[in-house]
Amino acid sequence: MEIKIQAIKFDATDKLQAFVDKKVGKLEKTFEDIKSAEVQLKVVKPATAMNKETSLSVNVPGTTLFVEKTCDTFEEGIDQCVDAMKVQLTKFKEKLRNQ
């Protein structure tokens, strides 16, 4: 699975990129057929609380699943996005099975 990370209006550290790769990579355990994943990290209104916007889009055969969260830290945002994406992938897998 190819993971693309976009940092908007800031430079993502190597540590943050490694964290994203590790967390998003675990989605393959939920659904093996993921083609690619795109993570967007954006700082909205610097110097305020809840200003880190994280979005995760995952390309699976036939569709693209999308999740977006706003949190205090990017790590928290990634955790929440990955958890929400696991739910979507599980539902998508069930739908495929029932066809």
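Visitor: Leaving aside its neighbours within four places in sequence, what is serine 36 in contact with?
Guide: Serine 36 is in contact with Met1, Glu2, Ser57, Val58 and Asn59. Contact means heavy atoms within 4.5 Å.

Visitor: What kind of model is this?
Guide: This is a predicted model: local features need pLDDT of at least 70, side-chain atom pairs count only at pLDDT 80 or more, and totals for chains, interfaces and linings use all residues. Residues are numbered from 1 along each chain as its sequence is written, and side-chain values use heavy atoms, with hydrogens and water left out.

Visitor: Back to serine 36. Buried or exposed?
Guide: Serine 36 is buried, at a relative accessible area of 17%. Buried means under 20% relative accessible area, exposed over 50%, and partly exposed in between (1.4 Å probe, protein chains only).

Visitor: Where is serine 36 placed?
Guide: In strand 2, residues 36-43. Strands (E, at least two residues) and helices (H or I, at least four) are DSSP runs, numbered from the N terminus.

Visitor: How many bridges join strand 1 to strand 2?
Guide: Seven, and the two strands run parallel. Alanine 7 stands opposite leucine 41 in strand 2.

Visitor: New topic. How many salt bridges are there in the whole structure?
Guide: A search finds four. A salt bridge is a side-chain nitrogen of Lys or Arg within 4 Å of a carboxyl oxygen of Asp or Glu.

Visitor: Which residue does glutamate 38 pair with?
Guide: Lysine 4, with the closest N and O atoms 3.7 Å apart. Glutamate 38 is in strand 2 and lysine 4 in strand 1, 34 residues apart. Glutamate 38 is partly exposed at 27% relative accessible area. Lysine 4 is also partly exposed, at 40%.

Visitor: And lysine 42?
Guide: Lysine 42 forms a salt bridge with glutamate 53, the closest N and O atoms being 3.6 Å apart. Lysine 42 is in strand 2 and glutamate 53 in strand 3, so the pair ties together parts 11 residues apart in sequence.

Visitor: Which residues are buried in helix 3?
Guide: Phe74, Gly77, Ile78, Cys81, Val82, Met85, Leu89 and Phe92. Their cover includes helix 1, helix 2 (27-30), strand 2, strand 3 and strand 4.

Key
Two strands pair if DSSP finds at least two bridges between them.
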